[in-house]
Structures are given as C-alpha cells and as structure tokens.
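Hi everyone, thanks for making time.

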Amino acid sequence: MSNETKVITGSKTRWSYVRVFDPRYNDDGKPEYTISLIIPKTSTKTLEKITAAIEAAYKEGESKLKGNGKSVPALAAIRTPLRDGDLERADDPAYANSYFVNAKCRDTAPDIVDANLNKILDRNEIYSGCYGRADISFYAYNNKSKGIGCWLHGLQKISDGQPLGGRANVEADFSVADDDEDDFLL
C-alpha cells in the first residue's frame with residue numbers, strides 16, 4: 001500500500017451500518033469489521049482524495065487486475081467502492097445528496113478514538129448516525145470478480161448525530177409519555 005492509496009476522510013463523514021466491535025464472518029470464516037461511510041457531495045476535498053486514491057490503487061494493481069487476461073480492464077468497467085447514494089440508496093434519506101464507501105478490516109477491530117485522540121472503549125459511543133473521520137486505503141482485487149476495495153484502518157469520532165436504523169431515543173420517548181394507565185392493568 002502506498003501513501004497515494006490512503007485517505008483520511010473529512011469530519012462531516014457520517015457512519016452507517018457500523019460493525020466495528022463485533023465482527024461478522026466472511027465466506028472463508030475470517031472475521032471482518034465493517035462500516036459504510038456516507039460522504040456529502042459537498043465534501044469535495046474528501047471526494048477528490050478518494051477518487052485519486054482509487055485511481056492509484058488501480059494503477060498499482062494493474063497486474064492483479066489483468067490476471068490471466070490479455071489486457072487490464074478499464075477502471076470504469078470494474079467495481080469501485082465510491083458509490084452514489086442518490087442512485088443506489090434512493091429510498092434511504094441518510095444517503096441523499098451523498099456518496100458512500102463501504103470499508104472493512106479483517107482479523108482485528110479498528111482503533112477508534114475521540115476528537116482528542118483518546119481511545120473509545122464504550123460501545124454506546126459508536127453507532128450508526130455519528131460523524132467522524134475514517135482512515136482508509138484502497139486496493140485492487142481479482143478473485144470472484146475484479147475491482148477496487150477499501151480497507152478500514154481506524155476511526156475518529158468527531159460528533160454525535162441522529163441515530164440511523166430505527167434506533168429509539170428512549171430518553172426523548174419517555175420524557176413525553178403520559179401517565180395515563182389502563183385500569184385493567186392495576
């Protein structure tokens with residue numbers, strides 16, 4: 001991996017489908033920690049860095065992408081990790097006006113720190129909907145298909161956000177609940 005394939009996203013990156021404490025196991029039985037990074041289309045610096053890193057990973061991985069073929073497939077012809085939320089997640093408002101990248105790390109959970117670079121160990125601090133930076137890098141692969149993938153190295157939580165995925169905010173729910181009890185329950 002070269003420095004050209006590495007990116008630190010901007011602080012307005014929103015985290016979704018956060019699975020960074022408990023892995024899921026891939027088809028080979030290896031643990032994977034995953035996250036979806038939602039990047040607003042207005043975050044042009046981050047998007048430019050990601051596009052350049054994907055192109056660098058493509059160039060570095062040309063021999064891998066060529067495989068046994070006669071030529072390297074065009075970058076536009078292979079799967080890349082930068083996806084348009086308006087097209088691929090049109091039914092999810094969290095992905096509106098954004099791009100997203102799905103990133104993973106294998107075997108070991110990513111390091112997670114707060115805005116002051118203190119390790120975060122409390123699982124409740126990290127959830128789908130918070131905002132922060134991600135330390136990611138891109139690589140070429142050629143196994144069942146050809147493409148560019150994204151490794152997750154670490155996360156820095158910058159701020160809280162509205163939880164995604166239907167997670168209830170019990171403090172808000174119970175603070176407005178009325179005390180009207182049904183008589184038959186007494």
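Let's start with open space: the largest pocket holds about 900 Å³. Keep in mind that what we're looking at is a predicted model. So which residues sit closest to the centre of that pocket? They are Arg 24, Glu 32, Lys 104, Arg 106 and Tyr 139, out of 28 residues that line the pocket. As for the make-up of the lining, 12 of its residues are charged, 8 are polar and 8 are nonpolar. If you're wondering about strands, β2, β3, β5, β7 and β8 each put at least two residues into that lining.

Okay, let's step back to the whole chain. We've got 186 residues, and 40% of them count as buried. There are 4 helices and 8 strands, and going along the sequence they run β-β-β-α-α-β-α-β-β-β-β-α. Now look at the contacts with a separation of 6 or more: 69% of them are between residues 24 or more positions apart.

Next up, the inside. The largest nonpolar core has 31 residues, and the ones touching the most other members are Ile 136, Phe 138, Ile 148, Leu 152 and Leu 155. At least two core residues come from each of β2 (14-25), β3 (31-40), α1 (44-60), β5 (98-106), β7 (131-142) and β8 (146-159). Which element gives the largest share? That's α1, with 6 residues.

Let me zoom in on Leu 152. If we skip neighbours within four places in sequence, Leu 152 is in contact with Val 20, Ile 35, Ala 103, Lys 104, Cys 105, Pro 110, Asp 135 and Ile 136.

Last topic, the cysteines. Are Cys 105 and Cys 150 buried or exposed? With the cut-off for buried set at under 20% relative accessible area, Cys 105 counts as buried because its value is 7%. Cys 150 is buried too, since its relative accessibility is 3%. And how many disulfides turn up when the whole structure is searched? The count is 0.

That's my tour, so over to you for questions.

Key. Residues are numbered from 1 along each chain as its sequence is written. This is a predicted model: local features need pLDDT of at least 70, side-chain atom pairs count only at pLDDT 80 or more; totals for chains, interfaces and linings use all residues. Side-chain values use heavy atoms; hydrogens and water are left out. A nonpolar core is a set of buried Ala, Val, Leu, Ile, Met, Phe, Trp, Tyr and Cys residues joined through side-chain atoms within 4.5 Å. Buried means under 20% relative accessible area, exposed over 50%, partly exposed in between (1.4 Å probe, protein chains only). Contact means heavy atoms within 4.5 Å. On a 1 Å grid over the protein atoms alone, a cavity is a set of points where a 1.4 Å probe fits but cannot get out, and a pocket is an open set with protein on both sides within 12 Å along at least five of seven lines; lining residues have an atom within 4 Å of a point. Grid points are joined across faces, edges and corners, and a volume is the space filled by probe spheres set on the points. Ala, Val, Leu, Ile, Met, Phe, Trp, Tyr, Cys and Pro count as nonpolar, Asp, Glu, Lys and Arg as charged, and the others, Gly among them, as polar. A disulfide is a pair of cysteine sulfur atoms within 2.5 Å.
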